[in-house]
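Take a moment with the sequence and the model. Then read on and find each residue as it comes up.

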Amino acid sequence: MTDLVTGPDGLPRCAWGASTPDYAVYHDEEWGRPLRGDDALYERLTLEAFQSGLSWLTILRKRPAFRLAFDEFRIEKVAGFGEADVARLLADTGIVRNRAKVEAAIANARAALELPDGLSALLWSYAPPPRAARPRSFAEVPALTPESTALAKALKKRGFRFVGPTTAYALMQATGMVDDHLAGCHVTRDPAGA
């Protein structure tokens, strides 16, 4: 598989984004597009943590069930979850049932409530300056960066869990803090988004 492929629709895209219809929609409409808002970013942070050790496709396909299970990822709601909610979540076959990740999601909502300027402001404060050019191949795309390492450290210091440097970088990619679409990919960056 080459790093950039032309899909059945005639559009060039990052190869992973052409591998399944679910990925094509996610690649074209969400991944790498600047996202702001505390609840929206909390959702992505939570899903990235649940993805750890699993395929992103698994999480993507379970996202509707995750949204239902976690009250649409409204931080204030999830922060109020208790032991009964943990038991409910661990019994929910529609999501990934991992106690450590479920408890981390709740702890992260509580930590997000404590941020004086909100989660969005904190996360975006670690976004690196835009690259001069998009990467030409996946070999040029890092798994982590100094910024993602610093972000993970800042989150952990504030009580967040399941937020290592690799997860932080995946979050940066997914939410448009970095643009890792390859050169030649048809997805264009929203100039007003960053």
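Where is the place of Asp 71? Asp 71 sits in the loop between α3 and α4. Helices (H or I, at least four residues) and strands (E, at least two) are DSSP runs, numbered from the N terminus. Keep in mind that this is a predicted model: local features need pLDDT of at least 70, side-chain atom pairs count only at pLDDT 80 or more, and totals for chains, interfaces and linings use all residues. Residues are numbered from 1 along each chain as its sequence is written, and side-chain values use heavy atoms, with hydrogens and water left out.

Back to Asp 71. Its phi is positive, about 50°, although Asp 71 is not a glycine. Most residues other than glycine have a negative phi. Asp 71 is partly exposed, with a relative accessible area of 27%. The cut-offs are these: buried means under 20% relative accessible area, exposed over 50%, and partly exposed in between (1.4 Å probe, protein chains only). Phe 162 also has a positive phi, about 55°, and is not a glycine. Look for Phe 162 in the loop between α8 and α9. Its relative accessibility is 32%, so Phe 162 counts as partly exposed.

Now turn to the rings. How many aromatic pairs does a search of the whole structure find? The search finds ten. Rings of Phe, Tyr and Trp (its six-membered ring) pair if their centres lie within 6.5 Å; planes under 30 degrees apart count as stacked, over 60 as edge-to-face and the rest as tilted. One of the pairs is Trp 16 with Trp 31. Their centres are 5.0 Å apart and their planes stand at 80°, an edge-to-face pair. Trp 16 is in the loop between β2 and α1, and Trp 31 is in the loop between α1 and α2 (38–51). The two are 15 residues apart, and the pair links distant parts of the chain. Trp 16 is partly exposed at 22% relative accessibility, whereas Trp 31 is buried at 9%.

Phe 70 and Phe 81 make another pair. Their ring centres are 6.3 Å apart and their planes are at 25°, so this pair is stacked. Phe 70 belongs to the loop between α3 and α4 (75–79), and Phe 81 to the loop between α4 and α5 (83–90). Eleven residues separate them. Both Phe 70 and Phe 81 are buried. They also belong to one aromatic cluster, together with Tyr 42, Phe 50, Phe 66 and Phe 73.

Next come the charged side chains. The whole structure has twelve salt bridges. A salt bridge is a side-chain nitrogen of Lys or Arg within 4 Å of a carboxyl oxygen of Asp or Glu. Arg 13 forms one with Asp 28, with the closest N and O atoms 2.6 Å apart. Arg 13 lies in strand β2 (residues 12–14) and Asp 28 in helix α1 (residues 21–29).

Asp 179 bridges to Arg 134, with the closest N and O atoms 2.8 Å apart. Asp 179 is in the segment after α9 (165–174), and Arg 134 is in the loop between α7 (119–124) and α8 (146–157), so the pair ties together parts that are 45 residues apart in sequence. At 16% relative accessibility, Asp 179 is buried.

Arg 136 and Glu 140 form a salt bridge as well, with the closest N and O atoms 3.1 Å apart. Arg 136 is exposed, at 68% relative accessibility. Glu 140 is partly exposed, at 34%. Salt bridges that share partners also join Asp 9, Arg 13 and Asp 28 into one network.

Finally, look at two helices. Two packed helices are described by the angle between their axes and the distance between the axes. The axes of α1 and helix α3 (residues 56–69) come within 10 Å and cross at roughly 80°. Axes are lines fitted to C-alpha atoms, for helices over the stretch in contact, and angles run from 0 to 180 degrees between N-to-C directions. The two helices are therefore roughly perpendicular to each other, a label for angles of 65 to 115 degrees, while under 35 counts as roughly parallel, over 145 as roughly antiparallel and the rest as oblique.
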